[in-house]
Every structure is written in structure tokens, then in C-alpha cells.
Amino acid sequence: MVLTILGLLTNCKESSSGRKAKVFRYNESAGITSLDPAFARAQNNIWVVHQLYNTLMEYDQHLQIKPSLAEMHSISDDGLEYRFRLRKDVYFHSSILFSPDSTRRLTAHDVAFSLKRLADPSLAAPGSWTMQYVSEIKALNDDSLLIRLREPFPPFLGILTMKYCSVVPREIEKMPKDWLSKHPVGTGPFYLKVWDENEVMILRKNPLYFERAADSVRLPYLEGIKITFTTERQSAFLELLNGRIDMISGLDASYKDEVLDVNGQLREKYRRDFILQKADYLNTEYLAFNLEKCKSENLPWADARVRKAINLAIDKEAIITHLRNGAGMPSRRGFVPPVLNPLGFYKESFDIEKAKSLLAEAGFYQLQPSPVLTLSTTATYADMAELIQQNLSKIGIRMRVDIQPPSTLRQNMAAGSIIFYRGSWIADYADGENYLSLFYSANGPPAGPNYARFSNKVFDAEYEKLQTIVNPALRAERIAALDSLLMHQAAVIPLMYDQVIRIVHKRAEGLEINPLNLLELRRLRL
């Protein structure tokens, strides 16, 4: 295996003409656990799955939905039937699934199989929830597909863009359930050539890929992708500086001050060889209370005025400036990011005096002994927690910080054993409804992500009406109104709307960036 990998890496360095080959290189510090799209839950798996597979629909850079494997689609007037006509030029990667080791054309039967497989309880896929709205999936013929919903759900096309809904060949039905995790067979722009776990992964160009560029050249332009698995982010940064990888994504405390100035710009010494990419990211960082526990234990945090005071007392601008080097935007317009909530009915500002007034109104300062608030978070956000601790001390709230491992924190949030926690919500699909779903009472754990245990009859009723609204202008109004309701109820304390941050070598400066933070390499020229 080692000799094989060395040979492949050598081939990746030089093309037949002797010039450097077009290979994009990046490091995945979190490793890759599965290449089965049904299990593409975290970004480390999503990025590579995106190179290997396609979905019926996809988002463009501006979050507009467009066809991918589908050529055309239609939606019935009642919003229940979705019909798709598929492209006829899409082929699977060569595989032992096809006899002999060859390929075949993708059909509607593969799409139907893939979506039904995703919903199969025996697979226990984390993406199975995406099919909860579906009552029927049927291949009408090789090129036509029908999906019927139980009730109207306007964001359904967005759900079909998710990597969970990637199409796989129906022949995998005869293979062990975990076979696809190590032996991916998709229709994507690249196919798996080598995977030496925790060492290197090599993807090669799919010569049969169906998409073409504007100049009619068959995509992708790249010949391959090389993924390494250095776990230390500081070491990965040094790999970038030494020219061994082409990009790092995200800011790590070990190098953020070294590479960015106080204004969030690339420092002068790095500008010759690198560029800084920034884009709005569909990710809201927030704080939330377990409201059910607060009420049952008669804690002062059950009072919405106290929670509002905490929100107003946090210097969110300082978080962006001092902790994130200017990367991101303070959450002063509610929980739903502005790109998905352009009307933004709710507005706020940093206001210590108003926060004190709300606490006084709630009788907080008369409480004896003075309550202590415990914020549960992870080590990654310890500096943010300390800044919040300092902010709250200025309005007379004592706060202690409880650092937990990420897995423990998630378990405790789900179990309801903690009072106050830091979380983040990265959109599953580009619709404000996805953010609001965190506070729908029927989505409480373990069935859903309402870890705040927020329950409000008005919110629930209006959220249910939102599910039936197709008109974009009316949806925008309802989303803005629901977001404003959440903030006036102080159901959540948004901290920041995140940004995608990438430091990219200039040889790859054409790398696309998008609000979903997908690694888009189909059109990259080196």
C-alpha cells in the first residue's frame, strides 16, 4: 500500500508533459470517517462527499436553487407533488458493482432507491430526518421521478440539495450496509483512488463527468485532490506556509493573530503568496437557557426580562473585534442570519443601562443570596465565555464557566441537565425556517434540536402557518415576525453571525466561496 501511494503522489506531481499537475491539496484535521453520503453530517465528511456525488438540485453561490442531476422539475399547485426529469448523460464511477468493472447510466430508479435507503430505519443514518415529509417516492420511468409529500413544505427543494440526498447506485443493496463508507460510487467530478486512513486520501478526475464549463470544456479542470490528515492546526498552517497545501479554512487561536491584523485583514508579509477569502456563513453562534429547567426550579433566569438584560449587556462587537479579528458580524438583528432574514424586524444595541433597568424591574437585585449563573461551553470558546463573564459582572450578575468536552456538552444539552449553554446552528438548507425550527415545541429532544425547551403557543401556530406559505414575500414577512417574537421572548441570546474565512495560496485564488462553506472545486483552475 505504501509503495502504491508513493507512486500515486509522484504521478500527482507531474503530468505527462512534465509540468506540475493540477492537484488541489488541503488538510482535514478532523479526519474523514465515512464516504457514505447518508452519514455526511459533519463538514469533514461533507466536503469530500461533495466531490464524489451529486444531488437532484443544488445551490449556486448566491443561494439560488438550480438543477444538478435533474434537468427540469415541477411542483403541483397544492405543493404536494414534485416531478423531476433527469439528465441522460450522467454515469456512475467505474466500480465492481457493475459487471465487469465498468459503469452505467444513472436512472430515476437510482434516485428513488437512494432516498428510500436514506429513510430506512435499519440504516440508522443521521440524514434520515430529511425524508420525514415524504409519503411516496416513485420512478415513473428511467428518466422521470415523482416525490409526493404528506403536507406542503416549501423548503423541500432545499432539503434535496443536502449531501444526505446524494444519489448512489441501487446495486449497493446487495453489499454490506457499511460498504459504501469505504467504497464510494457516485457521479461526482472526482472518484476515490486511494484512502490510507489518517495518512492521505487521493481523488482523481472523473473523465465521464457530465458538466461542462461555458467554453464547453468538460469539468473538472483539476486532475486530482490530495487530502492530508494533520491533526494539529498549527502544523497545518505551517504546511500552508511551506507550500504543501493550498488552503486552510477557519481561524484557530494558534495562528489567527499571526496571520490577521486587528482589522481582520491579511498581514502584509503574507500578501505576496496568499489571499484572504471572506463570505457570510449560515452559522449563528448563540447562548441559550434550558427554559423548562429554569421554570421548574424557579430560577431567576426564567424571567424574560433577566434574559433580555443578559443579551443587552454582552459586548458582541468586542467578541468580533478582539476574539475573531473582525471575522463575523455581531448578532444585533435576531437569531436568523440577515441573508435569510432581509426584513429583520428586530433591532438591538449594546446597552448596559437598559440591562440594569430590566434587572431592577424584575427584582433581581433584591434576591438573596445573589444567584450564580453557570455557562457550559467547550475549551474552544473559553475566551468568549470569559469576556461574557466580565460583561455580566458590570450589571451585577455573577457567572462561572463550566468547560466540558464537546461530546459531553451535546449529551447534556440533549438530556436537559444544564441550565445555560453556548451553541451554534449551521443551516441545513438556506431558508430561515430552518433556524426557527430550533424553537418549535414539537422539536424538543430527543425528537429535535429544541434544547432550549422553548414553548410558546403563538410561535407554534405561526410557525405551522409558515410551512404552508409559498410566496417568497409573504414567507420573508412571516420569518421576520417569528424571529422578532423569539427575541422579545428572549428565547435565545444570539452572539454573532459567522463568516467563512479561508487563507488560500495564490495558485488557487480562483477557489469559489459560498455561504454554506462547501468546498467547490469543479470549476477551479490552478
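**Charged pairs, joined and apart**

A: Glu239 and Arg244 bring their side chains together in a salt bridge, 3.3 Å from N to O. This is a predicted model, and it holds 39 salt bridges.

Another salt bridge joins Asp273 and Arg272, at 3.2 Å from N to O. Here Asp273 is partly exposed, with a relative accessible area of 28%, while Arg272 counts as exposed at 67%.

Now turn to Lys316 and Glu348, whose side chains form a salt bridge of 2.8 Å, N to O. Lys316 belongs to helix 10 (residues 316-323) and Glu348 to the loop between strand 13 (329-330) and helix 11 (352-361), so this pair ties together parts 32 residues apart in sequence. Lys316 is buried, at 0% relative accessibility, and Glu348 is buried as well, at 13%.

Salt bridges can also share partners: Glu58, Lys66, Glu211, Glu512, Glu520, Arg522 and Arg523 are joined into one network in this way.

Finally, meet a charged residue without such a partner. Glu28 sits in the loop between strand 1 (23-27) and helix 2 (43-52). Glu28 is buried but has no salt bridge, and Arg233, the nearest side chain of opposite charge, is 6.3 Å away. Leaving aside residues up to four places away in sequence, Glu28 touches Asn44, Trp47, Ile227, Thr228 and Phe229.

Terms used
Residues are numbered from 1 along each chain as its sequence is written. This is a predicted model: local features need pLDDT of at least 70, side-chain atom pairs count only at pLDDT 80 or more; totals for chains, interfaces and linings use all residues. Side-chain values use heavy atoms; hydrogens and water are left out. Helices (H or I, at least four residues) and strands (E, at least two) are DSSP runs, numbered from the N terminus. Buried means under 20% relative accessible area, exposed over 50%, partly exposed in between (1.4 Å probe, protein chains only). Lys and Arg count as positive and Asp and Glu as negative; His and the chain ends are not counted. A salt bridge is a side-chain nitrogen of Lys or Arg within 4 Å of a carboxyl oxygen of Asp or Glu. Contact means heavy atoms within 4.5 Å.
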